[in-house]
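This report covers selected local features of one model. The sequence and structure come first, and the notes follow.

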Amino acid sequence: MGRHHNKSGPVRKATFFPPGLGITQIPMKPVLVVQLARFGDLVQTKRLVLGLIRAGREVHLLVDASLKSLAGLLYPAAVVHTVNAHSAPDPLRLLDSLSGLAAAGFGRVYNLNFAGLSMAVSSLFDPDTVRGYRLESGQPTRDPWAAMAMRWTKNRRLGAVNLADFWAGFSLPMADASSVNPDAAPRGGGLGVAMAGRHARRSLPPEVLAPVVQAMLPLAGDARITLFGTASERPAARELMSRLPARLLDRVVDLTGRTGWQELADTVAGLDRLLTPDTGIMHLAAHFGVPVSAVFLSSAWCHETGPYGRGHTIWQAVQDCSPCLESAPCLCGTACLDVFRQREFLRLAGGIGQGDPPAGLVGCQTDFDALGVVCEPFAGAVPREQAEQAERRRVRAFVARHLGIEAGSVAPPAPDLAERLVEEPDFMLDKHQALLEIL
């Protein structure tokens, strides 16, 4: 197992009782966060991890071995353990390799992924300690909080809770949302361009991306252009460069497939702006407070996985079929991609245009409310989108109140909303995974 210790020493053991009350202080047991998904998901776990650390918990992380160094960079106060989660491991050997964790005496295990491997890992621990997703008597089970999330995402267009806030909701009180990442501000290093995400339909192909890069370059001081991606994206990077004006080529630095985690983090942290689809690099930029200009299309939905922090911009394609299922064939001729070719979008994206974006595109800015990060439309919100945004606010207010958070002046939810989001087991508070307990 890989381990990463805070250089300043061991994490302080917190207690439930302040000194001077004549009560024996009870040290809290360490907790384990199981995050076996990929790059972006690890970054989006930040609010949960910070909340646990700020509550005085000794936090352990279990991540894929390929993310060990990144986890250490993101969470220097945590102890990092690794497993080969994405290399088709033998399940029995894998579980055997984690036997030490099973004996570590964690007071809580936060299992964040509804996936076979995570479920298998959860079986190593007492089911009463596992929050999120677990196996009980061989059957996959969700906690009430996770079950509620499944209900509010049945209609993804009305999905109103960012994934980072959902994961943070597994442990109350949550870290203050505005303290998780710095507000967006340019850093002086020019424009970064993330070539693609994991899913091709979520990304702009080079012939569409090149005009967007040119339009957005003034927002980054007309300085350097840095291309990011894996080695598999080098051909796309070369094609992008072939479509840029010759006068810009001496400014381009192609880092696709050429950086380790440290160099990637250092480079992204110094950018003026990052142009990106829904990617792990997008979340890394938000982690550092680098302004993000994100393009969301196909199955990507900014209200679920937009950049975390204040001051980021998202251009969300909104078609009747949005957001789609990535694994299903597109029956709409990728209409969501066409809006990014339009001149109206290029002018707005470059900060030189006024008016509305092309039909089927909504511009959003990130900010905070009582629950967490929110994407507020500032351009292109047609009546349907306006009605859906109002419904998202009602869902957010309901969820906030469910977690004991004062939701402000938002109107109370309609009775049908409560019926859709809450089932009888949700009222069994002793089983709600987010309640604080003496461990």
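How far from a polar atom of the side chain of Asp 272 does the backbone nitrogen of Arg 187 lie? The distance is 3.4 Å.

The model is predicted: local features need pLDDT of at least 70, side-chain atom pairs count only at pLDDT 80 or more, and totals for chains, interfaces and linings use all residues. Residues are numbered from 1 along each chain as its sequence is written, and side-chain values use heavy atoms, with hydrogens and water left out.

**Asp 272.** This residue lies in the loop between α11 (261-269) and β10 (273-276); helices (H or I, at least four residues) and strands (E, at least two) are DSSP runs, numbered from the N terminus. Asp 272 is buried but has no salt bridge. Buried means under 20% relative accessible area, exposed over 50%, and partly exposed in between (1.4 Å probe, protein chains only). A salt bridge is a side-chain nitrogen of Lys or Arg within 4 Å of a carboxyl oxygen of Asp or Glu. The nearest side chain of opposite charge is that of Arg 187, 7.9 Å away; Lys and Arg count as positive, Asp and Glu as negative, and His and the chain ends are not counted.

**His 60.** His 60 sits in strand β2 and counts as buried because its relative accessibility is 8%. Its side chain makes a polar contact of 2.7 Å with the side chain of Glu 58. A polar contact is a pair of N or O atoms within 3.5 Å; within protein, one must be able to donate a hydrogen and the other to accept it, and residues adjacent in sequence count only if both atoms are side-chain atoms.

| Residue | Residues in contact (heavy atoms within 4.5 Å) |
|---|---|
| Asp 272 | Pro 186, Arg 187, Gly 188, Gly 189, Gly 190, Ala 220, Val 290, Pro 291 |
| His 60 | Pro 30, Val 31, Leu 32, Val 33, Val 79, His 81, Phe 106 |
| Gly 360 | Gln 316, Ala 317, Val 318, Gln 319, Val 339 |

Gly 360 is in the loop between α15 (343-349) and β13 (361-368). Gly 360 and Gln 316 are 44 residues apart in sequence, with 8.5 Å from C-alpha to C-alpha.

**Helix α2.** In α2 (residues 46-54), 7 of the 9 residues are buried, among them Leu 48, Val 49 and Leu 50. The buried residues pack against elements including β1 (31-34), β2 (59-64) and α12 (280-288). Gly 56, with a positive phi near 90 degrees, follows α2.

Definitions and conventions: Contact = heavy atoms within 4.5 Å. Lists of a residue's contacts leave out its neighbours within four places in sequence.
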